Amino acid sequence: MGQSKSIEEKLKDDEEFRKFMKSVEQESIAEENRILTEIEERVKKHYEGNDWKYSRFFGDKRSDYQNYDDWSLARVNNIIESIGNAIDNGDYPSKEVPG
């Protein structure tokens with residue numbers, strides 16, 4: 001017969017999980033910043049090269065961490081579609097597009 005974890009064990013597990021999520025967050029922020037810098041350089045070059053003015057559509061920079069047992073391209077497509085539909089319907093900011 002099994003035995004459930006003690007409160008101390010659960011607290012230790014929670015602390016380890018929080019450390020793990022902090023490291024994931026730090027790695028993600030570093031990668032997001034790297035990608036954002038590259039995108040901004042490309043956008044600036046593209047717009048300036050065409051004598052266009054660049055301005056953001058809406059929103060700000062956000063991160064979202066989701067924990068799933070299964071992950072697929074279909075799930076990513078669903079996220080993108082829900083955001084696209086909200087934008088297409090003029091339904092932002094909203095739950096789907098909080099920015």
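# Working chat: helices, salt bridges and surface

User: Quick one to start. What share of the contacts with a separation of 6 or more comes from residues 24 or more positions apart?
Analyst: In this predicted model, such residues account for 53% of those contacts.

User: And the secondary structure? How many helices and strands?
Analyst: Two helices and zero strands. Helix H1 covers residues 7-49. Helix H2 covers 73-88, and a loop lies between H1 and H2.

User: How much of the protein is buried?
Analyst: Buried residues are 3% of the 99 residues.

User: What about the accessible surface?
Analyst: About 9200 Å² for the protein. Carbon and sulfur atoms hold 51% of that surface.

User: Switching to charges. How many salt bridges in the whole structure?
Analyst: The search finds eight.

User: Which residue does Lys-5 meet in a salt bridge?
Analyst: Asp-13, with N to O at 2.3 Å.

User: Next, Lys-12. Which residue is its salt-bridge partner?
Analyst: Glu-16. Their closest N and O atoms are 3.0 Å apart.

User: Where do they sit in the fold?
Analyst: Both are in helix H1. They are four residues apart, or about one turn of the helix.

User: How accessible are they?
Analyst: Lys-12 counts as exposed, at 52% relative accessibility. The cut-off for exposed is over 50%. Glu-16, at 42%, counts as partly exposed.

User: What about Lys-22? Which residue does its side chain meet?
Analyst: Glu-25. That salt bridge has an N to O distance of 3.6 Å.

User: How far apart are they along the helix?
Analyst: Three residues in helix H1, so about one helical turn separates Glu-25 and Lys-22. Glu-25 has 30% relative accessibility and counts as partly exposed. Lys-22 has 44% and is also partly exposed.

User: Which residues are joined into a network by salt bridges?
Analyst: Glu-31, Arg-34, Glu-38 and Arg-42. Salt bridges with shared partners link these residues into one network.

User: Okay, aromatics. How many aromatic pairs does the structure hold?
Analyst: One. Phe-17 and Phe-20 form the pair.

User: What's the geometry?
Analyst: Tilted. The centres are 6.5 Å apart, with 40 degrees between the planes.

User: Why tilted and not stacked?
Analyst: Stacked needs planes under 30 degrees apart, and edge-to-face needs over 60. The Phe-17 and Phe-20 planes are at 40 degrees, so the pair counts as tilted.

User: Last topic: the nonpolar surface patch. Which residues make it?
Analyst: Tyr-68, Trp-71, Ile-79 and Ile-83. The patch comes to about 360 Å².

User: Where is Trp-71?
Analyst: Trp-71 is in the loop between H1 and helix H2.

User: Give me a recap of the layout.
Analyst: Two helices, zero strands, and 3% of residues buried. Eight salt bridges in the whole structure, with one aromatic pair.

Note on methods: Residues numbered from 1 in each chain as written. Predicted model: local features only at pLDDT ≥ 70, side-chain atom pairs only at ≥ 80, totals over all residues. Heavy atoms only, no water. Buried < 20%, exposed > 50% of the residue type's maximum accessible area, 1.4 Å probe, protein only. Contact = heavy atoms within 4.5 Å. Areas by Shrake-Rupley, 256 points an atom, 1.4 Å probe, with all protein chains shown as cover. Salt bridge = Lys/Arg side-chain N within 4 Å of Asp/Glu carboxyl O. Patch = residues over 30% accessible without salt bridge, like charges linked within 9 Å, V, L, I, M, F, W, Y side chains within 5 Å. Phe/Tyr/Trp six-rings, centres within 6.5 Å; stacked < 30°, edge-to-face > 60°.
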